[in-house]
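Please look through the following briefing with the sequence and the structure side by side.

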Amino acid sequence: MPELTTSYVDSLAPNAAAIKNGQGLVRKKSFIRLHTSENGELLFGQCAGSGKTPYECSVDFISPDNPVFRCTCPSRQFPCKHTLGLLYAYVEGQAFTPAPVPEDISSKREKAEKREENKAKQAAGGAESKPKKVNKSALKKKINAQLEGLDLLEKLVLSLIRGGLSTIDSKTLKTVQEHVKQMGNYYLSGAQTQLRRFALLLGKGENREESYTYAMEQLTRLHAFIKKARVYLTTRAEDPELALDHESTIDEWLGHAWQLSELKEYGLVKESVELLQLAFYSYDDPARQELVDLGYWLETASGAIHRTVNYRPYKAAKLMREEDSFFDLARIPLLYTYPGDMNVRVRYEEMTSRAVEAKDLERVAASANRSYAEALKKVKNQLKNPLSDKTPVMLLHAASLGVTGSGQYVLTDDAGVQLVLDDIPSLPQGTLELLPFLPASAMKNCCVLVMFEHLLDQGRLVAQPLTIIQDGAITRLLY
């Protein structure tokens with residue numbers, strides 16, 4: 001069994017309400033019986049519900065990195081509040097008496113073992129495994145449709161550029177919205193999102209000059225995507241068995257949803273990785289029509305900053321697991337990495353945790369960039385690529401975090417180079433207003449996780465602080 005902590009149990013919950021309800025069951029003393037197997041791999045018990053018969057719930061750690069939740073309640077939420085409550089009761093130190101493994105769980109374990117054996121045989125290339133075949137005809141048909149969609153999108157983009165954004169009226173906006181819908185018919189869901197983002201920028205009733213600046217940048221990105229995507233798709237059409245581009249984000253822009261098996265096939269995996277989450281926040285992305293949970297993590301061995309992304313479509317958001325802040329160290333047997341430049345997206349299927357120790361924070365300090373000149377060069381190189389993420393995140397060491405005579409907050413590196421801090425539009429909330437509440441000791445010889453953004457309407461590159469690490473403490477400014 002992994003080390004059970006409140007933070008670990010919170011990470012298993014589908015949303016904040018499930019955490020609250022699971023903890024509520026413990027406070028109300030709803031658990032009638034609490035048991036553990038002799039070897040400690042299974043926690044099980046009974047929890048009083050709305051009916052006469054209590055719910056039978058269990059959490060099985062026969063595979064420590066991948067707990068199995070079982071409950072007789074009718075809830076569609078997974079894991080349900082009863083199994084979460086069982087874990088919270090264990091974490092709080094309530095008495096679990098040893099008992100034999102229930103017969104129904106033993107039977108389910110046997111069936112699960114057989115399924116795993118069959119999977120292992122197939123993975124090893126046994127007689128039952130079948131090589132994945134490419135339906136060349138269907139793939140070519142899809143690619144041709146995508147190329148046709150790109151032609152349609154290019155005509156729209158060029159007409160908008162020639163006409164000028166100031167001439168766009170409600171009729172033109174309606175035409176753009178019609179093209180947004182059509183992109184889905186051409187298997188261009190990625191382009192559909194980006195075109196919808198353009199329409200939303202134009203629809204803003206705020207500072208029109210600022211909106212035009214960012215809308216024009218969005219058109220530039222779409223035009224660059226069209227050119228690159230056409231070359232890429234034309235090459236694939238000539239050779240349908242050509243591998244996906246696992247070094248750039250072009251397939252993601254086209255709308256391809258990477259499967260973990262594909263990432264593994266291209267060698268985009270790492271074994272035995274430890275991650276420490278440094279920042280987390282959720283936001284609404286109307287262009288994607290999804291709620292997004294975004295976490296930034298430090299890989300302790302390499303010092304790289306990765307990101308986890310959890311998308312929850314509007315229509316299914318209530319039924320999907322909502323990610324949350326994670327304060328322990330995550331120990332991951334197999335980490336999958338997506339194509340990209342800085343802050344590549346990562347995913348994992350199994351995870352255990354342990355408390356953060358002093359040595360972990362020492363690794364954080366050792367990983368921080370100490371030269372702002374080099375850091376800015378790396379950021380600017382990323383921003384030059386029109387298809388790259390426009391809000392890269394870096395961990396910087398600061399000799400000091402202070403205020404200039406003009407009232408601006410700045411980070412200063414060991415060489416005396418200063419980096420201006422400011423709140424950026426891409427984040428859901430500002431953080432500079434929290435800096436005055438930090439103790440003076442936290443403002444010297446510290447590490448700061450910052451998000452960069454090029455403010456096009458102002459023509460300057462700024463950074464917003466997300467987290468400050470100093471003297472064995474992690475202070476998150478974003479929540």
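A residue is called buried when its relative accessible area is under 20%, exposed when that area is over 50%, and partly exposed in between, using a 1.4 Å probe and protein chains only. This is a predicted model, in which local features need pLDDT of at least 70 and side-chain atom pairs count only at pLDDT 80 or more, while totals for chains, interfaces and linings use all residues. Residues are numbered from 1 along each chain as its sequence is written, and side-chain values use heavy atoms, with hydrogens and water left out.

**Backbone features in loops**

- Lysine 29 sits in the loop between α2 and β1 (31-36), where helices (H or I, at least four residues) and strands (E, at least two) are DSSP runs numbered from the N terminus.
- Although lysine 29 is a residue other than glycine, its phi has a positive value near 55°, and lysine 29 counts as exposed because its relative accessibility is 73%.
- Glutamine 289, in the loop between β6 (269-285) and β7 (290-299), also is not a glycine and has a positive phi of about 60°; with a relative accessible area of 40%, glutamine 289 is partly exposed.
- The peptide bond that leads from phenylalanine 78 to proline 79 is cis, with omega near -10°, and proline 79 belongs to the loop between β4 (68-71) and α3 (81-91).

**Nonpolar cores**

- In soluble globular proteins, nonpolar side chains tend to be buried together.
- A nonpolar core is a set of buried Ala, Val, Leu, Ile, Met, Phe, Trp, Tyr and Cys residues joined through side-chain atoms within 4.5 Å.
- The largest nonpolar core has 68 residues, and those that touch the most other members are Leu153, Leu195, Phe198, Phe225, Tyr296, Leu395 and Leu449.
- Helix α8 (residues 208-238) supplies the largest share of this core, namely 10 residues.

**Leucine 222 in helix α8**

- Leucine 222 is part of helix α8, and leucine 222 counts as buried because its relative accessible area is 0%.
- Between leucine 222 and valine 269, which are 47 residues apart along the chain, the C-alpha atoms are separated by 30 Å.

**Arginine 27 in helix α2**

- Arginine 27 lies in helix α2 (residues 16-27), and arginine 27 counts as exposed because its relative accessibility is 60%.
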